[in-house]
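Visitor: I would like to learn how to read strands and helices in a model. Please take me through a case.

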Amino acid sequence: MNWIETPEKVTDAEKDRYDAEEGPPDESWISSDRFIAQFDGAVDDYLSTLITEALKAGASDFFFTPREDMVDIAIRAMGLLRPWGQITREFGIRLITHLKVSANMDILRAFLPQDGRIRYRLANGESIDLRLATLPTMEGEDLTIRILDSRNMLGMEDIGFHRTNFNRLYNIVSQPGGLILVTGPTGMGKTTTLYATLKHLNDGTRKIHTLEDPIEYTLDGLHQSQINLSRGIDFPDLLRGILRQSPDVIMVGEIRDGITADIVVRAANSGQLVLATSHARSTVEACEAMLFLGVQPQFFASCLLGVVTQRLVRKLCPFCKLPLHSEDNGGEEQQMYVPVGCPECNHSGYKGRVAVGEVLKISPDIEKMIRDGSTMYQIHQKAVDEGMVDLRTDAQDKLEKGLTSVDEILRAVPGQFADYNLKKSL
Ligand SMILES: [Zn+2]
């Protein structure tokens, strides 16, 4: 059956005919790609096994990569890429096509990057969301699937913030209006923190709008919008539209340009609580990034409530971690732990993840420093003097408590923020 090359559109009449019947349709009219894909039992079974196993392994993403004879499958679990297996090219292409059709993507346009979404029903009746993105390559089309399992959505208290940071975060999100920036590299839990905050705010007393590209998790009670560049709807257009909907809280997926930054600052100054992400490495760099986008320092400083940054590190497995005594530069004894590996942690030495973070709360002094153009270093220093637990201190704290290892800190926290002479401790 040469169905990949001869797709036909499913007519509404065909759909109605199928809906009216029970069970799979008769062979004579299984002519469309969509219906064949829906009833490709082998693909469905394989996918079901794959997803079940990946969820058990704690995977956040799947990667399908066509090669000359095979399709490679890899997963990302706890932030790390890991090979998962290979399937024949023929079966792999069927699988990718099946997924694309299920996500309403155009299978004829394999030469274009595309994205789509599937609500996938698990064997136990629960659902997860899968977000798909394809990319044309030499050997066909790469397919990346992000698993969005809202059953795992964390509460603010589950992220693992240092108590001081948690209290500060709680304090700033409880304000009725103003701007909160969440910053850090991709894959380090910004979205998790944003949704944990939205979940906290979503108590029925506030009208909450989100503006995302793309929508990550869906949360009951929220008004979630997604930009659609192919239809000419971008961030500033949608954001202006949201402001006319009388929102109490707005979450902006990412501040990418000066126009969005400007509207965000104006909204936060006019009384809405605005949460937004940016890609800066530290809290003070996020402030600088906003100024680079052209926002007026005085308007920005007056609406900014705080900035959160974080890195996710793997947690040492409590069943097998080993203490390691060493001396630091000053000759003082330090205790740290190293991963070992046991059946409880699949012999990886790690189980789960925890955030290493910092929360910059804008005090009147810091507000003045931002207005006056103080350097990042000066602002950081002032915040630490005011009691901020910064990335470096939080990392050290989590090492000493045996929550994570030196290797994890070195991998996730940039050198300038984690300058402890850790290698010596090893
Ligand atoms: Zn273990």
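Guide: Start with pairing: two strands pair if DSSP finds at least two bridges between them. Strands (E, at least two residues) and helices (H or I, at least four) are DSSP runs, numbered from the N terminus. In strand 3, Pro83 is the bridge partner of Ala74. This is a predicted model: local features need pLDDT of at least 70, side-chain atom pairs count only at pLDDT 80 or more, and totals for chains, interfaces and linings use all residues. Residues are numbered from 1 along each chain as its sequence is written.

Visitor: In what sense do strand 2 and strand 3 pair?

Guide: Antiparallel, over eight bridges; strand 2 covers residues 70–77. The open sheet has six strands, ordered 3-2-1-6-5-4, with antiparallel pairing. Strand 3 (80–88) and strand 4 (114–121) are the edges, each pairing on one side only.

Visitor: How do I read two packed helices?

Guide: Two packed helices are described by the angle between their axes and the distance between the axes. Axes are lines fitted to C-alpha atoms, for helices over the stretch in contact, and angles run from 0 to 180 degrees between N-to-C directions. Here, helix 7 (residues 235–243) and helix 8 (residues 258–269) have axes that come within 9 Å and cross at roughly 15°. Helix 7 and helix 8 are therefore roughly parallel to each other (angles under 35 degrees count as such).

Visitor: Which residues of helix 7 and helix 8 meet?

Guide: Contact requires C-beta atoms, placed from the backbone, within 7 Å. Phe235, Pro236, Leu239, Arg240 and Leu243 in helix 7 meet Ile259, Thr260, Ile263 and Ala267 in helix 8.

Technical notes. Parallel < 35°, antiparallel > 145°, perpendicular 65-115°, else oblique. Contact = placed C-beta atoms within 7 Å.
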